[in-house]
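Hello,

Here is the structure I promised to pass on to you. Please have a look at it first, and then read my notes below.

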Amino acid sequence: GAPKAAKYAFLALPFGLFAMFPGWLQSLPRSGNWMDNVKVTLGFVELALAFKFLSTADMVRHWGILKFELFIALWLLCALLLGLYQFGLLPKLKGAAGRPGVSRAVVGSLSLVFAAYLANGLIGYKSLSLLSGIAPPVHYNFFRPMDCPHGLECYHDFDEALKVAQLENKPLFVDFTGYGCVNCRKMEETVWNKEEIMQHLRNNYVVVSLYVDDQARLFPDNKFKYLLDPHTQEKMRTVGDKWSSFQINNFTRNSQPWYVLMHNDGKTLLNEPRGYTPEVSEYRAFLDCGFEAFAQMKSREENKTLIGNR
């Protein structure tokens, strides 16, 4: 996906620049403490990135190991150690000897500031905008666990949510998402958290979040059992396979996030589905439009019932 491509592009950038401008290689100082410092610094960065990819696997596989608190604590430790290292306070590591120059002082100061930022998020259980889509979502934690963002009441099975929507006579808010979806987390942490959006999701819709990368097995007691995709006849063994197939077959779309507002008849769309929509006003207009369309449909249905009873 895009995040992985961006990572590889970032790692390849120095080699590309040196290939285009080979003279730069001659201007580099000889290896020594500065090179050791660069290697140790990159080592801390790579370690932090490793925790990021491990956290995605943890959520997808439902291991329940690397939740919000532990992830932030590990990143805080990496940032703190990197800051101390740059100021020469970890002398046993190569490249830490001597008084720090300007570059080391800048990197060290930024690392310590970032560590304080992480500590603030950890203490207050706050979404960290700089880590939106990188850190696990706040609701995925050890001590204050919630099934859905911001304490929303939501479902993870379409049929179950549909029954609730029919009982409560509300429209469906179908959220096709993924544990490894960066833009999904950004929407939840920077758009869903706004009061006007939360009011809609809490009061006017039945929310169902369908994770297309969920690796939980559909039939955990029988590893040979599976469902067949009605169109491709491919075997579906995981929950993610089921919801990915559901999205593709019903909405001809295989990208996340993908938001669908639907009548509780389970068939009628209330408006045009939306993908990533970072503008709060635009997203609110999308929810307003769907709810108004549902209210109009409900009014027409009630009028037909009154006319039929006369």
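I'll begin with helix α4, whose buried residues pack against α3 (33-61) and α5. Please keep in mind that this is a predicted model.

The buried residues of α4 include Phe68, Phe71, Ile72, Trp75, Leu76, Ala79 and Leu82. An α-helix has 3.6 residues a turn, so residues three or four places apart point the same way. Glu69 and Gln86 are also among the buried residues of α4.

How does α4 (residues 68-86) lie against α5 (residues 102-124)? Their axes come within 8 Å and cross at roughly 155 degrees. Angles over 145 degrees count as roughly antiparallel, and therefore α4 is roughly antiparallel to α5. The crossing of α4 past α5 is left-handed. In the contact of α4 with α5 there are 17 nonpolar, 5 polar and 2 charged residues.

The length of α4 checks out too: its 19 residues, at 1.5 Å a residue, should span 27 Å, and this agrees with the 27 Å between its end C-alpha atoms. Just after α4 comes glycine 88, with a positive phi of about 75 degrees.

Next, the loop between α5 and β1 (154-155), where you will find tyrosine 140. Tyrosine 140 has a relative accessible area of 18% and is therefore buried, since the cut-off for buried is under 20%. What does tyrosine 140 touch, leaving aside residues up to four places away in sequence? The answer is Asp58, Met59, Gly64, Ile65, Leu66, Lys67 and Phe68. Lysine 67 is 73 residues from tyrosine 140 in sequence, yet their C-alpha atoms are 5.9 Å apart.

Two other residues in the loop between α5 and β1 are tyrosine 125 and histidine 150. Neither is a glycine, but phi is positive in each: near 50 degrees for tyrosine 125 and about 60 degrees for histidine 150. Tyrosine 125 is buried at 17% relative accessibility, whereas histidine 150 is partly exposed at 29%.

One more spot to look at is the cis peptide bond between glutamine 256 and proline 257, with omega about -5 degrees. Proline 257 sits in the loop between α9 (239-251) and β6 (258-262).

Finally, the overall picture. The protein chain has 10 helices and 6 strands, and 40% of its 310 residues are buried. Of the contacts between residues at least 6 apart in sequence, 64% join residues at least 24 apart.

Best wishes

Definitions and conventions:
Residues numbered from 1 in each chain as written. Predicted model: local features only at pLDDT ≥ 70, side-chain atom pairs only at ≥ 80, totals over all residues. Heavy atoms only, no water. Axes fitted to C-alpha atoms, helices over the stretch in contact; angles between N-to-C directions. Helix = DSSP H or I, 4+ residues; strand = E, 2+ residues; numbered from the N terminus. Parallel < 35°, antiparallel > 145°, perpendicular 65-115°, else oblique. Left-handed = near helix turned anticlockwise from the far one by under 90°. Nonpolar A, V, L, I, M, F, W, Y, C, P; charged D, E, K, R; others polar. Expected span 1.5 Å × (residues − 1). Buried < 20%, exposed > 50% of the residue type's maximum accessible area, 1.4 Å probe, protein only. Contact = heavy atoms within 4.5 Å.
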